[in-house]
Amino acid sequence: MTTRRVFLGASAALLATACATTPSMQEFPPIVFVHGNGDSASIWQTTIWRFESNGWPRERLHAIDVPYPLARSDDSRAEPGRTSTTEHMAYLRSEVQKVLARTGAKQVVLIGNSRGGNAIRNYIYNGGGAPFVSHAILGGTPNHGVQAVPGMNEGNEFSGTGPFLRGLNAPKNAAGDEVSGPVKWMTIRSDNNDKFAQPKGTWLGQPNLDTRVTFEGPALKGAHNVVLPRVDHRETSFSPAAFDATYRFITGRAPATADIRPEQRIVLNGKITGLGVDPLNATTGNFSNNLPLPGARLEVFAVDPATGERRGPAVHTKVVGTDGLWGPMQAQPATHYEFVITAPGYATTHVYRSPFPRSSEVIHIRAERIIDADKDAPSIVTMTRPRGYFDPTRDKISFDGQMPSTAVPGAGNASAKIKPALAPRPVMAEFNGERVVGRLWPAQQGHVSLLEMTY
């Protein structure tokens, strides 16, 4: 097992790279990105931008969108709205075959975060995928479980002593390697800041539990194992440092940049999705799925970056069809936007975002519901960071002028909610220099605000 400890800044040093007029599959093979538990294709937005900024053709970058992205509590028992490891793997296999057919390539690169790595390993070893994969890169995948206590919830796919992971981790050769060729394997893990690779079960809701999992849990014997200091669970895939390590592993050279280079013509698209009712907790109404929400109406407004106030009428309006797609929309560089979703059975959801530096087809937006605990709130505002977590010991964070109460040491929470008194005023979220400003809306009239950080 090889381990490389990497200390990187926000971007790699600029290096000269040569790009052929028509890049070959060898130079830029198709990449299939596999999101984690409860996530969607949109989580790969900035990673795709970084590949594009280094010359990777957009048509060779494909992020899958699992319709039901949550794992079953017991892999052997059907649960409405959740996928088994076999179903997850079958969906990935189907998507890989589509990419191979569309591009004419013989192999793809697979990059997965968290649960996505489980599907990748399952596809390669149990789904016939090995001949179709050149490289497999797993960021923050709990390869040895989030806990490995014998007899504890072993039917779950994240149990280190359960049949699923024991099967994947079975020795592949006399040396006891957990991976084998011809696929080239790399794992990326945090040194000690991944919530799902901890010796104590704090983030599992059991702080006194000895998980029998170490910080090295995501590493695999026989793989190229990279360690990134202080990154959190999601940043093992979505940080600039993770991109740098990934690009080097695929190409054998450093990227020209880990920054995102802006485009002049920006076209956005994505899918509007809703929420199901979690059969394990029917009162929350916050059950993730990636199904389109036909009939939802989207309005997009340019807003003042300092106040969140709208700068004129909607710049884009659409009632989405059965595919859920809300675009295409041509966006203006350096412009902040408010996305407003209205749909029967949902709150009017106001999503505020930073400017878009590049085009993207994975700007997925989810309509929200007001849960029972918030029914009497005057206003409801959520700050969220989909591609990482909050940690006050390393990050500069502010939400409506305060440190979010959910920002606790250990990088385990990615969102925070406040319910301030209703007033016609702006509300600001800031994370390490990125600033998003929105407005308060009346929750009693069915409105919620979401301030979404991109980076």
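**Close-up views of a predicted model**

View 1. Within E24, His-447 is the bridge partner of Thr-348. Strand E19 (residues 381-384) also pairs with E24 in the parallel sense, over four bridges, and here the bridge partner of Thr-384 is Glu-452. E24 itself spans residues 447-452 and is mostly covered, with six of its six residues buried. In a regular strand, side chains alternate between the two faces of the sheet. In E24, His-447, Ser-449 and Leu-451 point one way, while Val-448, Leu-450 and Glu-452 point the other way. The residues of both groups are buried.

**View 2. The largest nonpolar core contains 29 residues.** Nonpolar side chains in soluble globular proteins tend to be buried together. Within this core, the residues that touch the most other members are Ile-31, Phe-33, Phe-51 and Ile-111. At least two residues each come from strand E2 (31-34), helix H1 (45-53), strand E3 (61-63), strand E4 (108-113), strand E6 (184-190), strand E9 (224-228) and helix H6 (240-251). Helix H6 supplies the largest share, seven residues. Another core, of 26 residues, lies apart from this one; among its members are Ile-260, Leu-275, Tyr-337 and Val-351.

**View 3. Ile-31 and its contacts.** When neighbours within four places in sequence are left aside, Ile-31 is in contact with Phe-51, Trp-56, Arg-60, Leu-61, His-62, Val-109, Ile-111 and Ile-250. Two of these contacts, Phe-51 and Trp-56, also belong to a cluster linked by ring pairs. The cluster includes Phe-28, Phe-33, Trp-44, Phe-238, Phe-243 and Tyr-247 as well.

**View 4. Two aromatic pairs with contrasting geometry.** A pair of aromatic rings is described by the distance of the centres and the angle of the planes. The structure holds 14 aromatic pairs. Tyr-125 and Trp-185 form a stacked pair, with 5.7 Å centre to centre and 0° between the planes. Tyr-125 lies in helix H3 (residues 115-126) and Trp-185 in strand E6, so this pair ties together parts that are 60 residues apart in sequence. Tyr-125 is partly exposed, with a relative accessible area of 24%, whereas Trp-185 is buried, with a relative accessible area of 5%. Trp-326 and Phe-339 form an edge-to-face pair, with 5.6 Å centre to centre and 75° between the planes. Because Trp-326 lies in the loop between strand E14 (316-319) and strand E15 (329-331), and Phe-339 in strand E16 (residues 336-342), the pair ties together parts that are 13 residues apart in sequence. Both Trp-326 and Phe-339 are buried.

**View 5. Arginine side chains over aromatic rings.** Arg-310 lies over the face of Phe-301, at 3.8 Å from the ring centre. The charged end of Arg-369 sits over the ring of Tyr-346, 4.4 Å from the centre of that ring.

**View 6. An open sheet of three strands.** The strands follow the order E20-E22-E23, and their pairing is antiparallel. Strand E20 (397-399) and strand E23 (434-439) are the edge strands, each pairing on one side only. From one strand to the next, the twist averages 15°. Strand E22 (residues 426-431) pairs with E23 over six bridges, and Arg-439 in E23 is the bridge partner of Pro-426.

**View 7. The hairpin of strands E7 and E8.** Strand E7 (residues 200-201) and strand E8 (residues 206-210) run antiparallel and are joined by two bridges. Asp-210 in E8 is the bridge partner of Lys-200. Four residues stand between the strands, and Gly-205 takes a positive phi near 85°.

View 8. Pro-67 is found in the loop between E3 and helix H2 (85-103) and is partly exposed, with a relative accessible area of 26%. The C-alpha atoms of Pro-67 and Thr-83 are separated by 8.9 Å, and these residues are 16 residues apart along the chain. Leaving aside neighbours within four places in sequence, Pro-67 is in contact with Tyr-91, Asn-289, Asn-290 and Leu-291. Thr-273 lies in strand E11 (residues 272-276) and counts as buried at 4% relative accessibility. With neighbours within four places in sequence again left aside, Thr-273 is in contact with Asn-289, Asn-290, Leu-291, Leu-293, Ile-365, Arg-366 and Ala-367.

Note on methods: Residues numbered from 1 in each chain as written. Predicted model: local features only at pLDDT ≥ 70, side-chain atom pairs only at ≥ 80, totals over all residues. Heavy atoms only, no water. Core = buried A, V, L, I, M, F, W, Y, C linked by side-chain atoms within 4.5 Å. Buried < 20%, exposed > 50% of the residue type's maximum accessible area, 1.4 Å probe, protein only. Contact = heavy atoms within 4.5 Å. Phe/Tyr/Trp six-rings, centres within 6.5 Å; stacked < 30°, edge-to-face > 60°. Lys NZ or Arg CZ within 6 Å of the ring centre and 35° of its normal. Pairing = 2+ DSSP bridges. Axes fitted to C-alpha atoms, helices over the stretch in contact; angles between N-to-C directions.
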